[in-house]
Amino acid sequence: MKYLYILKIGTTFPSILNRFGDFDKWTISSLNPGSMPVRVVDIEHGSEPPPLEKCLGVVITGSHDMVTDNLPWSLRVEKWLPSLVRAEIPLLGICYGHQLLARAMGGEVGYHPSGIETGTVKLTLLSSCKEDPLFSSLPDNFLVHADHSQTVTSLPPGAVGLAYTGREANHAFRIGPNAWGLQFHPEFTSEIMRMYISEQAKNLHLAGLNVSDLLAGIRETSISRGIMEKFCLIAARTGDGASPEI
């Protein structure tokens, strides 16, 4: 039997965990997988990536760790990812997962020269999205939730850039027919985004950001969240032998 795998590679702040659960719960909720069988793999605590022949699709969550820390579990996933891309199994990397996918395929990752990007921000799509299975039906601009210090400083060879914000040039990309990296968090709700800013208020203030303005700027991001459901449809169709175009 094949599954949609959630590779859980981090744990949220205790206050958020107690109220909303963890990254895997938000991811499954936003995917709305219906009858598609889902399995969570706790990579951070020693579980191995699943065998390719068992994968309908794979989602890699965010993490509070940094890709450049080169943690053993992260390096294992990084080594595994190119085989997943070559097999054309639908893949969605979110935040840390986005950066890890980029580096696994030959891109570069490092700290963003402008510092942390957090809060609700406007995403602008590039013209390449018109031919993209995941982004083609979306408006040119919409709101997303973001929270990251590191970034994809250089896209992998052959990758297609898809979107940017005023602070982040490489907010989304595709490599191969159906492997995507998203720097933003489509699985975040506005409540989770608000708590992330509150939890980091001291560090954000030290970084020169206005916490009150960030909190006041939080909005719902329904279009962004819809990307997760569309990815789930792509995984289901690809698993049935159909084209990822929907």
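Predicted model: local features only at pLDDT ≥ 70, side-chain atom pairs only at ≥ 80, totals over all residues.
Colleague: What makes H4 count as mostly covered?

Modeller: Buried means under 20% relative accessible area. In H4, nine of its nine residues are buried. Among them are Tyr96, His98, Gln99, Leu101 and Arg103.

Colleague: Arg103 carries a charge. Which side chain does Arg103 meet, and why is the pair called a salt bridge?

Modeller: The partner is Glu78, at 2.8 Å from N to O. The cut-off is 4 Å between a side-chain nitrogen of Lys or Arg and a carboxyl oxygen of Asp or Glu, so the pair qualifies. Arg103 sits in helix H4 and Glu78 in helix H3 (residues 72–86), so parts 25 residues apart in sequence are tied together.

Colleague: Is Glu78 buried or exposed, and how do you know?

Modeller: Glu78 has a relative accessible area of 14%. The limit for buried is under 20%, so Glu78 is buried.

Colleague: How many salt bridges are there by this rule?

Modeller: Four. Another one joins Lys8 and Asp22, whose closest N and O atoms are 3.1 Å apart. Lys8 belongs to strand E1 and Asp22 to the loop between helix H1 (14–20) and helix H2 (23–31), so this pair links parts 14 residues apart in sequence.

Colleague: Why is Lys8 called buried, and why Asp22?

Modeller: Lys8 is at 8% relative accessibility, and Asp22 is at 9%. The limit is under 20%, so Lys8 counts as buried, and so does Asp22.

Colleague: What makes Arg174 and Asp132 a salt bridge?

Modeller: Their side chains meet at 2.5 Å, N to O. The limit is 4 Å, so the pair passes. Arg174 lies in strand E10 (residues 172–175) and Asp132 in the loop between E6 and E7, so parts 42 residues apart in sequence are held together. Asp132 is at 0% relative accessibility and counts as buried. Arg174, at 15%, counts as buried too.

Colleague: Turn to the nonpolar side. Which members touch the most others in the largest nonpolar core?

Modeller: Leu92 and Phe135, out of 31 residues. Several elements give two or more residues to this core, including strand E4 (91–94), strand E6 (117–125), E7 and helix H8 (222–239). H8 gives the largest share, six residues.

Colleague: How do you know what Phe135 is in contact with?

Modeller: Contact needs heavy atoms within 4.5 Å. Leaving aside neighbours within four places in sequence, Phe135 is in contact with residues including Leu125, Leu162, Trp180, Phe184 and Ile227. Apart from this core lies another, of 29 residues, including Leu7, Trp80, Ala102 and Ala179.

Colleague: Now the largest pocket. How much space lies in it, and which residues lie nearest its centre?

Modeller: About 250 Å³. The lining has 19 residues, and Ser63, His64, Met66, Asp147 and His148 lie nearest the centre. Helix H4 (96–104) and strand E7 (141–148) are the elements that give two or more residues to this lining.

Colleague: What makes up that lining by class?

Modeller: Eight nonpolar, nine polar and two charged residues. Asp147 is in the lining, and Asp counts as charged, so Asp147 falls in the charged class.

Methods:
Residues numbered from 1 in each chain as written. Heavy atoms only, no water. 1 Å grid on protein atoms, 1.4 Å probe; cavity = no way out; pocket = protein on both sides within 12 Å on 5 of 7 lines; lining within 4 Å. Points joined across faces, edges and corners; volume = space filled by probe spheres on them. Helix = DSSP H or I, 4+ residues; strand = E, 2+ residues; numbered from the N terminus. Core = buried A, V, L, I, M, F, W, Y, C linked by side-chain atoms within 4.5 Å. Buried < 20%, exposed > 50% of the residue type's maximum accessible area, 1.4 Å probe, protein only.
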